[in-house]
2 protein chains.
Amino acid sequence: MHKEHTLTKNQQIIFDIIDKSPEPLKAYSILFNVQKKGIKAPLQVYRALDKLVEIGKIHKIESRNAFIACQNSSCQVAKATAFSICEMCEKVTEISSTGLSKYLTNFKDKEGMKYSKYNLEFFGLCKKCRT
Amino acid sequence: MHKEHTLTKNQQIIFDIIDKSPEPLKAYSILFNVQKKGIKAPLQVYRALDKLVEIGKIHKIESRNAFIACQNSSCQVAKATAFSICEMCEKVTEISSTGLSKYLTNFKDKEGMKYSKYNLEFFGLCKKCRT
DNA sequence: CTTATAAATGTTATATTATTACATAGTGTT
DNA sequence: AACACTATGTAATAATATAACATTTATAAG
């Protein structure tokens with residue numbers, strides 16, 4: 001079993017903001033939002049973000065430089081992530097498909113190499129934006 | 001059939017540097033390398049990069065903010081990309097697996113949504129770094 | 001409980017990555 | 001020539017991220 005991570009003060013503050021947000025948040029937008037709570041410097045935000053990513057509480061959307069809370073309840077480690085991104089409204093959703101994650105986790109390249117981690121980002125138009 | 005894109009002067013200079021490099025290049029490292037050729041400003045580099053990505057001659061490795069020449073001969077459009085990245089030596093290789101690209105191109109999420117584009121990055125240790 | 005160690009914090013400065021805004025020049029039509 | 005379109009040049013600045021160092025807090029070992 002995994003050890004439950006108890007978040008520190010800064011980590012908790014920053015996680016809460018990301019978790020409550022309906023959309024991915026950028027580091028400096030987070031910073032702006034927590035300045036009233038005493039977090040004044042970028043580094044304080046980035047350190048919390050790094051830790052939260054490391055323990056799998058949040059994920060980074062690489063193509064957007066933004067962070068989203070993990071949707072898969074109790075995802076402890078960030079080693080197999082997949083997202084859909086609407087190119088119109090920028091809505092991002094974490095994909096949890098057993099088939100997909102099995103396929104990718106077991107994927108071997110031409111030389112038989114298996115990978116320990118992956119990140120996949122799908123792009124298209126969401127339901128709303130297609131209508 | 002696709003129209004062959006004739007690269008402009010700046011685009012050609014920047015593509016050549018990326019194409020010759022054994023590793024992904026970052027925008028400012030490219031800038032540094034082309035200053036002798038008269039390209040002086042970041043924007044000149046970014047504009048060429050944008051265009052080259054758009055026409056599929058190069059790809060951006062999102063997790064590294066770096067650019068690599070397309071390995072799939074005559075890949076004209078950047079809409080289905082997959083890479084392996086060594087977390088030790090940072091070697092990046094474009095994966096060309098028909099199985100993988102078929103699987104992902106046809107992937108539908110829970111709501112039946114199909115996507116027009118994807119980018120996948122695998123992480124692990126390359127052959128050399130595992131020994 | 002105290003000492004040692006690791007993890008987290010606070011703060012300043014700076015590095016790296018990317019875009020806005022505006023002026024100019026080339027290219028290809030009609 | 002007149003038009004639209006794409007690319008270029010240049011300066012300034014915005015947005016994203018890390019280095020370096022001092023201090024504090026949490027955790028574990030004796």
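**Ground rules.** I am reading a predicted model, where local features need pLDDT of at least 70 and side-chain atom pairs count only at pLDDT 80 or more, while totals for chains, interfaces and linings use all residues. Residues are numbered from 1 along each chain as its sequence is written, chains are lettered from A and ligands numbered from 1 in the order in which they are written, and side-chain values use heavy atoms, with hydrogens and water left out.

**The contact.** I looked up who takes part: 29 residues of chain A and 29 residues of chain B, with contact meaning heavy atoms within 4.5 Å. Together the two chains bury about 2500 Å², which is the accessible area (1.4 Å probe) lost on putting the parts together, summed over both. Carbon and sulfur atoms hold 63% of that area.

**Salt bridges.** I found two across the interface of chain B and chain A, by the rule of a Lys or Arg side-chain nitrogen within 4 Å of an Asp or Glu carboxyl oxygen. In one salt bridge, A:Lys117 meets B:Glu87 at 3.1 Å, N to O.

**Chain B's side.** Helix H4 (98–105), strand E5 (117–124) and helix H5 (127–130) of chain B each bring at least two residues to the side touching chain A. E5(B) gives the most, with eight residues. Helices (H or I, at least four residues) and strands (E, at least two) are DSSP runs, numbered from the N terminus.

**One more entry.** I also looked up A:Tyr28, which sits in helix H2 (residues 27–34) of chain A.
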